[in-house]
There are 2 protein chains.
Amino acid sequence: MKLLEQMVKNDGKVYPNNVLKVDSFINHQINPKLMLEMANSFYNYFKEKRVTKILTIEASGIAPAILVANLFDVPMVFAKKSVPSTLTRNSFYESTVHSYTKNVTNNIVVSKDFLSSEDRVLIIDDFLANGQAVLGLADLIRQAGGTLLGVGILIEKSFQDGRKLLEEKNIEVCSLCRLASLENEKIEFNLADDEK
Amino acid sequence: MKLLEQMVKNDGKVYPNNVLKVDSFINHQINPKLMLEMANSFYNYFKEKRVTKILTIEASGIAPAILVANLFDVPMVFAKKSVPSTLTRNSFYESTVHSYTKNVTNNIVVSKDFLSSEDRVLIIDDFLANGQAVLGLADLIRQAGGTLLGVGILIEKSFQDGRKLLEEKNIEVCSLCRLASLENEKIEFNLADDEK
């Protein structure tokens with residue numbers, strides 16, 4: 001998506017270790033017009049798929065996911081990183097997500113009430129780097145016996161392993177901005193999936 | 001809001017200690033149509049206020065907040081419960097929020113880049129119980145020198161102290177569903193602010 005690339009170019013900040021900070025418009029402050037355009041792009045990309053549910057993970061995935069859910073007119077579910085007091089044992093699906101950036105492993109949970117074998121699920125998340133969050137979400141869908149239809153990503157770090165790991169599992173990925181490199185604090189792009 | 005009251009009545013579950021579980025449509029799985037109607041109600045209630053920014057706190061506030069931000073066409077900022085690796089010392093406002101439900105105190109932070117003395121801020125959150133989250137957010141706005149215009153709440157527990165604490169500070173509150181009581185697992189309502 002050209003607008004997103006432009007904003008990454010203008011307002012994104014590159015830090016050592018391939019960190020791209022986009023917190024002025026995506027994951028701390030959010031530009032609602034941009035977010036809505038991104039949601040529209042995902043809708044156009046996946047609209048033939050008979051989606052019944054949008055799945056994301058707290059917290060940065062929630063804003064794009066609710067807008068996509070509005071367009072598909074289906075419920076959105078966000079996986080939680082801790083078990084809510086109202087969820088009892090055996091009432092939820094659980095998986096683990098390792099964050100290489102923060103070097104921590106989180107459990108993620110979704111109540112069994114909100115994912116079923118009937119569900120045809122589109123995963124939405126802000127970043128795809130090593131793919132661990134998406135693989136954790138895909139594992140929750142698998143446990144529920146549901147169908148994973150595809151993954152919509154705002155910004156993909158194409159120089160890391162996530163994309164490859166997902167494609168090896170035949171998971172379709174639509175990334176609206178694909179970073180070829182952040183070397184020397186210079187941002188290089190690949191062609192985004194919605195522009196192919 | 002009648003639709004919200006109806007859903008609380010039909011799909012909400014009351015647990016001991018005045019816990020109301022609405023995770024089938026508000027804070028785990030989200031009903032996007034309901035969320036959009038709620039956002040519209042906040043917009044109608046506050047539309048004369050010249051809002052420049054929507055402020056909320058991760059994670060359950062994000063979905064209503066982004067929809068409200070879209071209607072006002074202003075940026076949305078969500079306070080974080082941990083300091084992101086990309087925020088350096090002195091680059092953020094910080095306050096504390098005590099959760100009586102979980103009996104933990106969290107620090108909340110917002111980057112100084114995203115709240116300023118120019119900002120006229122509307123706070124959006126899912127629940128108002130003891131008011132601690134809103135008071136923490138109000139403190140961040142105060143530190144920035146900004147103006148707090150009001151607070152939009154999906155579900156208020158009117159039998160707890162939050163509403164009173166906010167009104168003592170002359171903070172205007174619009175709650176779309178006001179719970180008078182959850183005693184004996186029966187849900188009683190007060191008149192919602194958008195219906196007055």
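Reply: Happy to! Keep in mind that this is a predicted model. Chain B can be laid on chain A by a turn of 180° with a shift of 0.0 Å along the axis, and the RMSD is 0.0 Å. The two copies are thus related as by a two-fold rotation axis. Of the interface residues of chain B, 100% are also interface residues in chain A, so the copies meet through the same surface.

Now to helix H2 of chain A, residues 32-46. Within its own chain, its axis comes within 9 Å of the axis of helix H3 (residues 62-72), and the two cross at roughly 50°. That angle makes H2(A) oblique to H3(A), and the crossing is right-handed. H2(A) brings A:Met35, A:Leu36, A:Met38, A:Ala39, A:Asn40, A:Phe42 and A:Tyr43 to this contact, while H3(A) brings A:Ala63, A:Pro64, A:Leu67, A:Val68, A:Leu71 and A:Phe72. By class, these are 12 nonpolar residues, one polar and no charged.

Across to the partner, the axis of H2(A) also comes within 9 Å of the axis of H3 of chain B (residues 62-72), crossing at roughly 110°. H2(A) is therefore roughly perpendicular to H3(B). Here A:Pro32, A:Met35 and A:Leu36 meet B:Ile66, B:Ala69 and B:Asn70.

Technical notes. Residues numbered from 1 in each chain as written. Chains lettered and ligands numbered in written order. Predicted model: local features only at pLDDT ≥ 70, side-chain atom pairs only at ≥ 80, totals over all residues. Least-squares fit on C-alpha atoms with pLDDT ≥ 70 in both. Contact = placed C-beta atoms within 7 Å. Axes fitted to C-alpha atoms, helices over the stretch in contact; angles between N-to-C directions. Helix = DSSP H or I, 4+ residues; strand = E, 2+ residues; numbered from the N terminus. Parallel < 35°, antiparallel > 145°, perpendicular 65-115°, else oblique. Left-handed = near helix turned anticlockwise from the far one by under 90°. Nonpolar A, V, L, I, M, F, W, Y, C, P; charged D, E, K, R; others polar.
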